[in-house]
Amino acid sequence: MNKGKTITTYLVDGNPNGIRACFISNKICKAVVVPRAKLIDAKKRAELSQPALYILLSYSQDKIYIGETEDFLSRIKHHETHKSFWEEAIIFVSKDNDLTKSDVKYLEHLAIEQAQLTARYSIEENKVYPKPTNLPEHQLACMEEFFEDICILSSFIGVPVFEKVKRQNRELCFIVTGK
């Protein structure tokens, strides 16, 4: 079975360093990348007013903040004034606008847990570590699949926050000589 994936990237303003929207074909997860300098332009994007998981990141400090919200555009107003470290935001939404507050709270739990395990970025900005929400079994399965897509899109964007560092396995060989 082919495990290949097609990821579509749309350069909103035609600039690869501007706002970008990315999604995996045949999936509902969509990532919107917004440089801090482009927040005014991002306010025109309707999809950013729906429930979302988001990451605020600083490339220069290898630092992130992971959060969830029912409306990113409203939430980011607080972060503009209270979190100065970040340079870019990655917002994960459903192309179908069908995520709930409980869904994104569960995604936040998964994301923070995975970011702690991989330890690729400092998450010291996160002061609260949420517990998993109580979702029905079928919704848990959907959110875990959605999170897998978040992991793929994050790495594709160049922010492998959820990707484990692969270490080379070096085997030591000892030659035992005997009489």
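Me: Where does Ala21 lie?
Reply: In this predicted model, Ala21 is part of strand E2, which covers residues 20-24.

Me: Buried or exposed?
Reply: Ala21 counts as buried, because its relative accessibility is 4% and the cut-off for buried is under 20%.

Me: What does Ala21 touch, leaving out residues up to four places away in sequence?
Reply: With those set aside, Ala21 touches Thr8, Thr9, Tyr10, Lys30, Ala31 and Val32. There is also a spacing to look at with Leu11, which is 10 residues from Ala21 in sequence, while their C-alpha atoms are 6.7 Å apart in space.

Me: Lys30 is on that list of contacts. Which side chain does Lys30 meet in a salt bridge?
Reply: The side chain of Lys30 meets that of Glu47, with 2.5 Å from N to O. Lys30 belongs to strand E3 (residues 29-35) and Glu47 to the loop between H1 and E4, so this pair ties together parts that are 17 residues apart in sequence.

Me: And are those two buried or exposed?
Reply: Lys30 is buried, with a relative accessible area of 17%, and Glu47 counts as buried too, at 14% relative accessibility.

Me: Why can side chains pair up like that?
Reply: Side chains that carry opposite charge can pair when their charged atoms come close.

Me: How many salt bridges does a search of the whole structure find?
Reply: Such a search finds 13 salt bridges. One of them joins Glu68 and Lys101, whose closest N and O atoms are 2.8 Å apart. That pair links distant parts of the chain, since Glu68 sits in strand E5 and Lys101 in helix H3 (residues 101-118), 33 residues apart. Glu68 counts as buried at 12% relative accessibility, whereas Lys101 counts as partly exposed at 32%.

Me: Which residues are linked in a network of salt bridges?
Reply: The network links Asp13, Lys38, Asp41 and Lys44. Within it, the side chains of Asp41 and Lys44 meet at 3.9 Å, N to O; Asp41 is partly exposed, with a relative accessible area of 33%, and Lys44 counts as exposed at 68% relative accessibility.

Me: Switching to helices. Which residues of H2 are buried?
Reply: Helix H2 takes in residues 72-82, and its buried residues are Phe72, Leu73, Ile76 and His79. These cover an arc of only 105° around the axis, which puts them on the same side of H2.

Me: Why would residues a few places apart point the same way?
Reply: An α-helix has 3.6 residues a turn, so residues three or four places apart point the same way.

Me: What caps the N-terminal end of H2?
Reply: Asp71 does, with a side-chain oxygen that lies 3.1 Å from the backbone nitrogen of Leu73.

Me: Which residues other than glycine have a positive phi?
Reply: Among them are Asp62, with phi near 50°, and Ala119, with phi near 55°.

Me: What about confidence, and where is it below 50?
Reply: The average pLDDT of the chain is 90, and 92% of the residues score at least 70. Over residues 172-179, however, the pLDDT is below 50, and beyond near neighbours in sequence this stretch has zero contacts in the model. Where pLDDT is low, the predicted coordinates should not be read in detail.

How values were computed
Residues are numbered from 1 along each chain as its sequence is written. This is a predicted model: local features need pLDDT of at least 70, side-chain atom pairs count only at pLDDT 80 or more; totals for chains, interfaces and linings use all residues. Side-chain values use heavy atoms; hydrogens and water are left out. Buried means under 20% relative accessible area, exposed over 50%, partly exposed in between (1.4 Å probe, protein chains only). Helices (H or I, at least four residues) and strands (E, at least two) are DSSP runs, numbered from the N terminus. The arc is that of the directions from the helix axis to the C-beta atoms. A polar contact is a pair of N or O atoms within 3.5 Å; within protein, one must be able to donate a hydrogen and the other to accept it, and residues adjacent in sequence count only if both atoms are side-chain atoms. Contact means heavy atoms within 4.5 Å. A salt bridge is a side-chain nitrogen of Lys or Arg within 4 Å of a carboxyl oxygen of Asp or Glu. pLDDT is the predictor's confidence in each residue, from 0 to 100.
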